[in-house]
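Please look over the sequence and the 3D structure below.

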Amino acid sequence: MSTPPLSTPPLGTPLTRNQMAWRAAQDLADGAYVNLGLGMPVLAANYAPAEREIFYHSENGILGVGPVALPGQGDPELVDAGSQLVTLRDGASVFDSVASFAMIRGGHLDITILGAFQVAANGDLANWDALSAEKGPLIGGAMDLSMGAKAVHIIMRHTTREGEARLVTACSYPLTVRGRVNRVYTDLAVLDIEQGQLVVREIIPGLRHDELAAVTDAPLTFAADCRELIAPDLDGGI
Amino acid sequence: MINKVVGDLAAAMAGIQSDASIMISGFSNAGVPTTLVRALGAMNLTGLTLIMNAARRIDECDASLFNDRRVDHVITTAFRGPEAAPANFEQQWKRGELSLEILPQGTFAERIRAGGAGIPAFFSPTAVGTSLVEGREQRDFNGQTYVLEEALTADFALLRAQKADRHGNLFFRGTQANFGSAMATAARTTIVEVAEISETGLRPEEIHLPGIYVQRVLQAPRQDQIA
């Protein structure tokens with residue numbers, strides 16, 4: 001899709017869900033094989049630059065997921081991992097779950113983008129068990145994807161609804177994987193995990209470094225070339 | 001002469017008894033053997049072990065399966081209902097009426113594959129360092145730690161495919177295969193519902209699962225998951 005004009009929201013305005021997904025999509029390289037998790041990560045497919053050829057993997061057995069089928073035209077026996085009736089792109093293939101997870105665990109996917117409850121400065125990820133008193137557990141493919149993909153990118157809000165930090169020194173929720181997260185996109189910043197340190201690469205305009213540090217429960221290092229995190233207006237004006 | 005095609009549901013489900021272990025294929029709405037699952041629910045068995053990717057899909061297919069202590073043990077990757085309020089099966093687990101083994105999806109698939117391939121156990125990197133594998137046997141290879149995972153087998157596997165022939169050869173459509181092709185290899189009796197029976201036989205090159213793994217085939221139209 002064509003890139004809409006850059007927005008000019010008030011200084012310090014956090015990114016929307018679509019803008020976080022857009023930012024994550026800009027890092028998907030031409031020729032990449034990519035698995036997108038449910039929720040915000042799947043939105044990234046809408047925002048990857050059109051000139052790049054990207055193969056989306058769905059762990060239920062698709063390499064080359066195309067757009068969601070038009071209403072009434074989908075095949076209920078052809079779905080993605082999010083249960084959407086999808087189409088297949090040129091060059092796509094379908095296979096069973098054993099082959100799909102051999103692809104994942106064997107280190108053949110370039111990037112997985114996942115959601116998270118918490119990410120620790122050492123690269124630990126917690127995203128499967130919310131410790132609910134009433135609901136059952138759900139692991140799905142997250143443990144295999146985060147262990148197997150060459151790069152693990154996370155999209156999550158910088159804090160919980162209650163304002164608690166999600167970027168932490170040590171995860172308090174049960175872990176999905178240890179030490180595998182490379183990059184985190186939040187509504188306030190883009191951070192890399194390097195040698196057990198959170199390195200801020202981009203920060204939204206108008207947010208001071210100490211303000212970002214105050215909502216992060218782990219030490220921050222600001223890259224020497226730390227830039228402004230600016231995304232286009234994808235939500236019809238703010 | 002080999003003819004694995006059965007004429008009715010009773011013949012398809014024959015021999016399934018209480019305390020059986022049953023693998024059920026399906027991911028989301030694809031490859032779910034809806035007709036067979038509903039027949040299983042109507043058999044009023046108890047003490048079943050169900051091995052399936054997501055409890056929710058089977059519950060949507062036939063909610064009665066999780067009534068009356070029919071299911072004793074579940075091996076799955078997703079044990080969560082779609083609503084904020086707990087589903088019947090979640091409540092039963094919280095009350096201690098059924099036991100649960102929750103697995104990463106790739107480990108689930110590979111344990112079933114191993115079960116059908118004569119491999120009793122294997123080492124996997126998935127879930128190492130998490131609470132899931134605490135206390136389990138681990139071993140280092142080339143500087144990385146792996147956890148020992150044991151093969152999974154079952155008494156029965158219930159599958160859905162698009163096409164079969166009298167030899168039990170299967171052709172899957174779209175993403176129907178998912179866990180089904182491995183489950184068929186890991187179960188002592190594999191029962192498949194299909195949309196079409198090929199009278200002339202499937203072409204060798206279009207066979208996704210050879211008939212050696214399939215014992216019974218029933219023609220049944222695809223039903224919507226939610227009754």
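**Helix packing between chains**

H3(A) and H5(B) cross in the left-handed sense (the near helix is turned anticlockwise from the far one by less than a right angle; clockwise would be right-handed). This is a predicted model, in which local features need pLDDT of at least 70, side-chain atom pairs count only at pLDDT 80 or more, and totals for chains, interfaces and linings use all residues. Residues are numbered from 1 along each chain as its sequence is written, while chains are lettered from A and ligands numbered from 1 in the order in which they are written.

- Helix H3 (residues 97–105) of chain A packs on helix H5 (residues 105–117) of chain B at about 125°, the axes being 9 Å apart (lines fitted to C-alpha atoms over the stretch in contact, with angles from 0 to 180 degrees between N-to-C directions).
- H3(A) is therefore oblique to H5(B) (under 35 degrees is roughly parallel, over 145 roughly antiparallel, 65 to 115 roughly perpendicular, the rest oblique).
- Helices (H or I, at least four residues) and strands (E, at least two) are DSSP runs, numbered from the N terminus.

**Chain contact**

- 32 residues of chain A are in contact with 35 residues of chain B (C-beta atoms, placed from the backbone, within 7 Å).
- On the side of chain B that touches chain A, H5(B) gives the most, with five residues.

**Sheet in chain A**

- Strands of chain A form an open sheet of three in the order S7-S6-S9, with mixed pairing (strands pair if DSSP finds at least two bridges between them).
- Strands S7 (125–126) and S9 (167–168) of chain A are at the edges with a single partner strand each, so one side of each has no neighbour in the sheet.
- Val119(A) has Leu125(A) in S7(A) as its bridge partner.

Definitions and conventions: Contact = placed C-beta atoms within 7 Å.
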